[in-house]
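Try each one before reading its solution.

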Amino acid sequence: MASSFKKTTIKSFPRVGEKITRDTLYWKNLEFPITKKEFAAVTCVDFCPVKPYHFAATSSTRVQIYNCRTNQADKTISKFREVAYSGCFRGDGKLLVAGGDEGMVKMFDVAGRSLLRVFKGHVGPVHVTKFMPDNLHIVSGSDDKSVKLWDIPREDELISYSEHQDYVKTAAVSKASKDIVISGSYDHTIKLYDIRTPTSILTVDHGDPVENVLMFPGGGIFLSAGGNTIKVWDALAGGKLLTQISNHHKTITTMCFGSNYRRLLSGSLDRHVKIYDISTYQVVHTLDYPAPILSMGVAGDDSLIAVGMADGLLSIQHRKPDESTAVVKRKKKAVYGYAIKGKTYVPAKGDHVIEHKRKEQLAKYDKYFKRFEHTKALDSALDIRVRMKTPEVTVSVLQELIRRGGIKAALAGRDDKSLSTLLKFLQKNLSNPKYMVTIIDVSNMVLDIYSQHIGQSSVIDDLFIQLKEIVDQEASYMKLLLEVMGTMDTVFAASTKVNF
């Protein structure tokens with residue numbers, strides 16, 4: 001009986017990928033994003049602090065409240081004449097406050113969508129509104145450079161701070177104290193207020209226009225984002241800079257906490273969301289999005305992440321259900337109108353079983369190898385779909401040709417088109433250390449075979465010149481590396497030298 005043909009062994013190389021950590025697995029465990037298209041940029045995303053963690057998305061002249069289960073907008077608050085900003089929930093989730101280009105702060109009942117309060121006093125667009133922890137006051141920041149505190153029951157202004165020199169774009173309140181507020185402005189400063197005093201009690205300079213601020217629940221540490229950096233400040237130490245993070249390459253526009261304040265998320269115009277470990281402020285994972293990011297929010301139990309983008313897209317991603325708690329649906333048995341005989345037959349112990357062998361499927365280059373057509377085998381391995389997507393296959397075919405002793409015959413007798421394809425492949429992969437040894441051997445053979453034909457085709461001559469330049473460049477790199485290694489050996493020898 002004839003033995004089966006031995007297929008060409010494709011050499012596999014270990015891929016250097018990202019380090020798999022618990023955070024990587026955790027944040028990759030998200031379902032495919034559901035995308036909604038709004039009329040304009042989604043400037044604010046805020047999650048309800050209480051279950052079931054519905055969220056409000058502010059865009060154009062409306063604030064939409066999305067159901068976290070159906071991913072649909074259950075309620076739409078559109079009582080704005082101009083663009084709305086900063087739709088945020090109260091701590092109990094029953095009220096919502098928002099600002100806008102009208103210069104007014106409006107408070108709504110979430111259940112009935114009715115307008116309950118209108119606070120007038122700003123003379124510029126209001127970009128940030130927040131409920132205070134006592135649920136009885138609202139803080140707002142405006143383009144008129146002021147930060148105001150409002151009393152909800154009396155619908156009146158309590159105090160106004162006008163210390164910023166530019167637009168106030170962001171603010172945050174302390175969960176540890178009902179009297180502490182911080183604000184960030186385009187004048188590069190962050191100011192901390194105690195509403196019991198008429199002026200700010202702390203000012204720090206971020207160094208760039210401040211786009212977003214956050215405060216830890218303890219109230220002692222706060223963060224500011226501006227430019228492509230995030231800075232961490234210690235309020236109790238008089239505004240001491242604790243650390244600085246710079247992992248984005250464009251302006252950071254939004255920040256939020258996740259995993260019960262153990263993780264920090266930042267979104268940027270570079271279309272990335274970076275996730276940091278609060279203990280080290282190192283990036284543990286990155287999420288990619290199709291457009292510049294303006295706003296972001298994470299549900300209290302990390303079950304949902306919503307991201308608003310500059311082109312009006314709203315991305316909604318749910319966490320995949322836990323496999324241990326997932327409900328397994330029982331498959332229904334197929335109903336046949338006839339019986340399939342012999343399908344489940346179990347042979348007896350003494351029966352002679354003859355297995356049915358399926359026809360062996362060979363790759364195109366293996367079919368040519370089987371017929372000893374080495375030139376055609378190399379041509380099939382140099383096909384654009386093979387050499388571009390799986391260069392290791394082409395290299396393995398070259399190695400097989402060397403082993404069979406048919407490499408020179410396969411390389412010889414080529415026209416300008418096929419020789420150009422071969423030379424371009426050699427140029428592209430010569431600097432790859434995984435393929436370098438084989439590529440150098442094949443390049444030497446090509447030079448030996450076609451050295452007498454140099455000067456007959458300008459295209460081939462240019463390709464040979466480019467190949468020489470790549471070789472010279474690699475040789476210079478190796479020389480530099482040897483020099484560096486020599487210097488390092490000297491340093492190591494000096495550091496381990498024992499003085500007697």
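**Exercise 1.** Find which residues of helix 7 and helix 9 meet, and work out how the two helices are oriented.

*Solution.* On the helix 7 side, the residues in contact are Asp416, Leu419, Ser420, Leu423, Lys424, Leu426 and Gln427, and their partners in helix 9 are Val459, Ile460, Leu463, Phe464, Gln466, Leu467 and Ile470. Keep in mind that this is a predicted model. Sorting the residues of this contact by type gives 9 nonpolar, 3 polar and 2 charged. Next, look at the axes: those of helix 7 (residues 416-429) and helix 9 (residues 458-496) come within 10 Å and cross at roughly 10°. Angles under 35 degrees count as roughly parallel, so helix 7 and helix 9 are roughly parallel to each other.

**Exercise 2.** Now describe how helix 5 and helix 8 pack.

*Solution.* Start with the geometry: helix 5 (residues 391-404) and helix 8 (residues 436-450) have axes 10 Å apart, at an angle of about 60°. The two helices are therefore oblique to each other, and helix 5 passes helix 8 in a left-handed crossing. Then list the contacts: Val395, Leu398, Gln399 and Ile402 in helix 5 meet Thr438, Ile439 and Val442 in helix 8. By type, these are 5 nonpolar, 2 polar and no charged residues.

**Exercise 3.** Is Ser200 buried or exposed, and which side chain makes a polar contact with its side chain?

*Solution.* First place Ser200: this residue lies in strand 17 (residues 200-205). Its relative accessible area is 15%, and buried means under 20%, so Ser200 is buried. The polar partner is the side chain of Glu163, at 2.5 Å. Beyond four places in sequence, Ser200 touches several residues, including Tyr161, Lys191 and Tyr193.

Key
Residues numbered from 1 in each chain as written. Predicted model: local features only at pLDDT ≥ 70, side-chain atom pairs only at ≥ 80, totals over all residues. Heavy atoms only, no water. Helix = DSSP H or I, 4+ residues; strand = E, 2+ residues; numbered from the N terminus. Buried < 20%, exposed > 50% of the residue type's maximum accessible area, 1.4 Å probe, protein only. Polar contact = N/O pair within 3.5 Å; in protein donor to acceptor, adjacent residues only side chain to side chain. Contact = heavy atoms within 4.5 Å. Axes fitted to C-alpha atoms, helices over the stretch in contact; angles between N-to-C directions. Parallel < 35°, antiparallel > 145°, perpendicular 65-115°, else oblique. Left-handed = near helix turned anticlockwise from the far one by under 90°. Nonpolar A, V, L, I, M, F, W, Y, C, P; charged D, E, K, R; others polar.
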